[in-house]
Amino acid sequence: MPYNVKRSKHLSWVLRMVEFSVQDFEESGRENGVRFWYAHEFMKFLGYDSWPSFQKVLTKAMGSCARLGIDPTESFIPDTFVEDGKEVRTYRLSRFACFLVSMHGDSKKEEVAKAKAILAAIADRLIQERIRENDLGRIETRDDLKLAERVMSGVAQSAGLESHQFGIFKDAGFRGMYNMNLNALMKHKGVEQNKVLYDFMDLEELAGNLFRVTQTAARIKNQRLTGLPSLSDSALRVGREVRSIMIKNGGIAPESLPVAEDISGVKKRLKSAARAMKKMDAKKKTEKGLLVE
């Protein structure tokens, strides 16, 4: 039976919200075998007034859920409620879904900033490990970089690059951006040769490489370059340009950026948080006072 927002006592918590509150968040949760929150109410907690705008945040959060190998339909369950006599589609959000949504929300909103801190702290408490704000950004950018490299390889192949030449071509991009080839760079950063260097890059460095790869592909296509010498030279030049931008903006050469935790560990930590939150909210009576403001 559709949920009627007019009759819901939960709405009073939303209407009186001036900032994200642990107490109000917990009290607005509902029980139906497991604990959940309605998306249309949670968006008010985060300072959103427009459902279409909030849907974009939900979509990003669902994408993060899928990247972690977690079925989004387990945390974002379609549902309906009646508002002003009309049936409106919404979602039942798990606690982990609320966490993902807050992490993708607009940090300029005070409610979002506080929600990020509070829900991340709950996750920290449950798994005894720290959840970092840029964890989801690293995972998303790493996936984007995988796709961008496939696109660049396809463009290079169409420009006449042969399979045995790809290593030379890709190395040129690293030499441009880091002033050293890939093997030397991995030794410099202390990453084992059997690992993938991108998996140990933080968000800034991943974003720099994503820009380098996409712009290399764009230059090859726009300038209609062909052959290994031209393609390698293009990759080298784009790498140098990205290097210059990063040093100018961040003040640190790319090769001097610190090595980050293996991204597989980041995913494992977030999946552990999802399991812990699910276990916590599967109890008939949710524990109160996990965190005190």
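F25, W37 and F42 form one aromatic cluster, where rings of Phe, Tyr and Trp (its six-membered ring) are paired if their centres lie within 6.5 Å, with planes under 30 degrees apart counted as stacked, over 60 as edge-to-face and the rest as tilted. By this rule the count of aromatic pairs comes to eight. The model is predicted, and local features therefore need pLDDT of at least 70 and side-chain atom pairs count only at pLDDT 80 or more, whereas totals for chains, interfaces and linings use all residues. Residues are numbered from 1 along each chain as its sequence is written, and side-chain values use heavy atoms, with hydrogens and water left out.

W37 of the aromatic cluster also belongs to strand β3 (residues 35-38), from which R35 and W37 point one way and F36 and Y38 the other way, all of them being buried. Here buried means under 20% relative accessible area, exposed means over 50%, and partly exposed covers what lies in between (1.4 Å probe, protein chains only); helices (H or I, at least four residues) and strands (E, at least two) are DSSP runs, numbered from the N terminus. Strand β3 is joined to β2 (residues 30-31) by two bridges in an antiparallel arrangement, two strands being taken as paired if DSSP finds at least two bridges between them. Within this pairing R30 stands opposite F36, and the two strands form a hairpin with three residues between them, where G33 in the turn has a positive phi of about 90°.

Strand β3 also pairs with β5, again in the antiparallel sense and over two bridges; in β5, the bridge partner of W37 is L93, while that of Y38 is R92. R92 is also the bridge partner of I77, in keeping with the eight bridges that join strand β4 (residues 76-83) to β5, the two running antiparallel. Strands β4 and β5 form a hairpin with two residues between them, and D84 in the turn has a positive phi of about 55°.

Y38, which lies in strand β3, counts as buried because its relative accessibility is 6%.

A polar atom of the S94 side chain lies 3.0 Å from the backbone nitrogen of A97. When residues up to four places away in sequence are not counted, S94 touches W37 and S75, contact meaning heavy atoms within 4.5 Å.

Among the helices, α8 (residues 135-158) has 24 residues and reaches 35 Å from its first C-alpha to its last, close to the 34 Å expected at 1.5 Å a residue, the expected span being 1.5 Å times one less than the number of residues. This helix is followed by G160, whose phi is positive, near 100°. N209 lies in helix α11 (residues 203-222) and counts as buried because its relative accessibility is 0%. With neighbours within four places in sequence left aside, N209 is in contact with L145, F174, M177, Y178, Y198 and M201.

F174 also has R212 over its face, at 4.8 Å from the ring centre, a charge being taken to sit over a ring if NZ of Lys or CZ of Arg is within 6 Å of the ring centre and within 35 degrees of the ring normal. K109 likewise lies over the face of Y48, at 4.8 Å from the ring centre.

Q128 lies in the loop between α7 (110-127) and α8 and counts as exposed because its relative accessibility is 66%. R224 lies in the loop between α11 and α12 (228-250), and R224 counts as exposed because its relative accessibility is 74%.

Notes:
A polar contact is a pair of N or O atoms within 3.5 Å; within protein, one must be able to donate a hydrogen and the other to accept it, and residues adjacent in sequence count only if both atoms are side-chain atoms.
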